[in-house]
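Please examine the sequence and structure shown below before reading on.

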Amino acid sequence: NRPYLYVAAKEGGLKIFDVSGAPLLVKTIAITNFGSLHVMNMSQNGNYLYVALGNHFGTAVQSPGFAIIDITNPANAVVKSYWSNTSLTGGSGIIETEGNYAYLGAMKNGLMIFDITDKTLPVLKSTYIPSLTFPDPNPDPNKYNARGMAVKNDIVYLCFDAGGLRIINAVDKLNPKQTGKFSNPDMNGKPRAYNNIVLDGPYAYAAVDYCGMEVLNISDTSNIKL
């Protein structure tokens, strides 16, 4: 509810514009603040911006990570913390938050859940990589990525790229479990990539690369229907 626009500018960092009139760049937070990880995506929760870090395009992939930015004063935004795992590669696709937890879509490294109660010290609680053998029993692991998601009431609706839509119960942050899955059976044997999702009551709208948009009935997440 404020006239500011936040842009994930990849190697250009995080850019903040005042859009009360003609867009005016008021702040750039360079990737040097994030261990040179590219800014790929973000979400806002109150006075904090959660930034998904790590290039996942082409061959110059980076480690997965995320940052927490205090945007109480957007023109003077402050980096509260950033986390990364330099032993991993693949980058990050998305980050969402609910309550005191952040959910990082760490591409091929799956879903990572963090306790963000202390904004200066996020704590990794668990990592969950869904099974790769759905919908293709002989999968190409490079095409299975935690790329898009929505979170509601501790349930993660994860777009797992070629792996379809996965429903992950994260009530127990230490032991998330898959409770549902969907991939349009008409696309079996053909390329498909579930990239992002929006929830609206009993419906989900899924952006499916190569295939447009699917509207899914998720009133029973163990039996999702097109």
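## A buried aspartate and its partner

Aspartate 161 is buried, with a relative accessible area of 6%. The model discussed here is a predicted one. The side chain of aspartate 161 forms a salt bridge with that of arginine 147, with an N to O distance of 3.0 Å. Aspartate 161 lies in the loop between strand E13 (155-159) and strand E14 (165-169), while arginine 147 lies in the loop between strand E11 (123-128) and strand E12 (148-152), so the pair ties together parts that are 14 residues apart in sequence. Arginine 147 has 24% relative accessibility and counts as partly exposed.

As a general principle, side chains of opposite charge can pair when their charged atoms come close.

## The other salt bridges

The whole structure contains 3 salt bridges. One of them joins lysine 173 to aspartate 154, whose closest N and O atoms are 2.9 Å apart. This pair also links distant parts of the chain: lysine 173 is in the loop between E14 and strand E15 (177-182), aspartate 154 is in the loop between E12 and E13, and the two are 19 residues apart. Lysine 173 is buried, at 9% relative accessible area, whereas aspartate 154 is partly exposed, at 26%.

A further salt bridge brings together the side chains of lysine 10 and glutamate 11, at 3.6 Å from N to O. Lysine 10 is partly exposed, with a relative accessible area of 23%. Glutamate 11 is partly exposed as well, at 49% relative accessibility.

In soluble globular proteins, nonpolar side chains tend to be buried together. The largest nonpolar core in this model has 16 residues, and those touching the most other members are Tyr6, Leu14, Phe34, Leu49, Val51, Leu53 and Ile69. At least two core residues come from each of strand E2 (14-18), strand E4 (39-45), strand E5 (48-53) and strand E6 (65-70). The greatest contribution is that of E5, with 3 residues.

Which residues does phenylalanine 34 contact, leaving aside its neighbours within four places in sequence? Phenylalanine 34 is in contact with Ile29, Val39, Leu53, Ala67, Ile69, Val79 and Tyr82.

Tyrosine 203 belongs to strand E17 (residues 203-209). With 39% relative accessibility, tyrosine 203 counts as partly exposed.

Terms used:
Residues numbered from 1 in each chain as written. Predicted model: local features only at pLDDT ≥ 70, side-chain atom pairs only at ≥ 80, totals over all residues. Heavy atoms only, no water. Salt bridge = Lys/Arg side-chain N within 4 Å of Asp/Glu carboxyl O. Buried < 20%, exposed > 50% of the residue type's maximum accessible area, 1.4 Å probe, protein only. Helix = DSSP H or I, 4+ residues; strand = E, 2+ residues; numbered from the N terminus. Core = buried A, V, L, I, M, F, W, Y, C linked by side-chain atoms within 4.5 Å. Contact = heavy atoms within 4.5 Å.
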